[in-house]
Amino acid sequence: MTYDDMHPYMIECAAEAARVARGVAAAQLDHKSHCTDWDVRALVNHWVLYTSHGLEHRALRKQLPEELTARDFTADPDWAEAYAAQLDRAVAAWADPAVWEGEVDLGMARMPAAEIASMIIKELAVHGWDVATATGQEYRVSEGAARLVLDVVETHGELYRQYDGFADPVPVPDDAPLFERALAASGRDPRL
């Protein structure tokens, strides 16, 4: 897929992630999530780091600084607004089609920029659903974005499982909606 195919889904999933973030109450940050060993705070910190700061840094071909990887973003009472603003900067960094060309150095490996972008769009949606589910919200995505997320999950599922990012697939009917199939393929139960 190319810039023209994916950038609109990046915009869509970032806007939905910002909406979900704004719906997280401070009291919910200490609640359990269905992500193993993570409460909502840990889940949100991972989500904020990789889908906003990570997204921008990948576009700029920069490594994430240690200071960011250790930060508790939720310590700021306005973290959701800060996240929304950072998402805007990250999406803007990918607005130039040239950014989608070439490779991104991840430190331990290099990957095509468009592939990295697709994987972060998947992170926006899947972890957006995780946060939404843990806080009594719904994460909504278009059929096109759901198809992209499903493609990424199916393509990279085994890699994510090697690093405990995905659990074993959850069975769902073949005619389940695309996003439910993507969630199930990533080891999440979409009926939560």
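**Entry 1: aromatic rings**

I began with phenylalanine 179, which is buried because its relative accessible area is 10%; buried means under 20% relative accessible area, exposed over 50% and partly exposed in between, with a 1.4 Å probe and protein chains only. I noted that this is a predicted model, in which local features need pLDDT of at least 70 and side-chain atom pairs count only at pLDDT 80 or more, while totals for chains, interfaces and linings use all residues. Residues are numbered from 1 along each chain as its sequence is written, and side-chain values use heavy atoms, with hydrogens and water left out.

I then looked for aromatic pairs, where rings of Phe, Tyr and Trp (its six-membered ring) pair if their centres lie within 6.5 Å, and planes under 30 degrees apart count as stacked, over 60 as edge-to-face and the rest as tilted. The count by this rule is three aromatic pairs. One of them joins tryptophan 94 and tryptophan 100, which is edge-to-face because the planes stand at 75°, with ring centres 5.0 Å apart. Tryptophan 94 is buried at 0%, and tryptophan 100 is buried at 4%. Tyrosine 139 and phenylalanine 179 make a tilted pair, with 6.0 Å from centre to centre and 35° between the planes. Tyrosine 139 sits in the loop between helix H5 (113-134) and helix H6 (143-162), and phenylalanine 179 sits in helix H7, so this pair ties together parts that are 40 residues apart in sequence. Helices here are DSSP runs (H or I, at least four residues), as strands are (E, at least two), numbered from the N terminus.

I followed H2, whose 21 residues reach 29 Å from the first C-alpha to the last, close to the expected 30 Å at 1.5 Å a residue; the expected span is 1.5 Å times one less than the number of residues. H2 bends by about 40° at glycine 54, the bend being the angle between axes fitted to the seven residues ending there and the seven starting there. Because 16 of its 21 residues are buried, H2 is largely enclosed by the rest of the structure. At its N-terminal end I found a cap from aspartate 39, with a side-chain oxygen 3.3 Å from the backbone nitrogen of arginine 41.

What does leucine 29 touch, not counting residues up to four places away in sequence? I listed Val24, Asp39, Val40, Arg41, Val44, Thr74 and Trp79, contact meaning heavy atoms within 4.5 Å. Leucine 29 lies in the loop between helix H1 (3-22) and helix H2 (40-60), and it counts as buried because its relative accessibility is 4%.

**Entry 2: salt bridges**

Side chains of opposite charge can pair when their charged atoms come close. I took a salt bridge as a side-chain nitrogen of Lys or Arg within 4 Å of a carboxyl oxygen of Asp or Glu, and a search of the whole structure finds ten. In one of these, arginine 188 meets aspartate 130 at 2.8 Å, N to O. Arginine 188 lies in the segment after H7 and aspartate 130 in helix H5, so the pair ties together parts that are 58 residues apart in sequence. Both arginine 188 and aspartate 130 are buried.

For arginine 147 and aspartate 151, I noted a salt bridge whose closest N and O atoms are 3.6 Å apart. Both lie in helix H6, four residues apart, about one turn of the helix.

Terms used
Polar contact = N/O pair within 3.5 Å; in protein donor to acceptor, adjacent residues only side chain to side chain.
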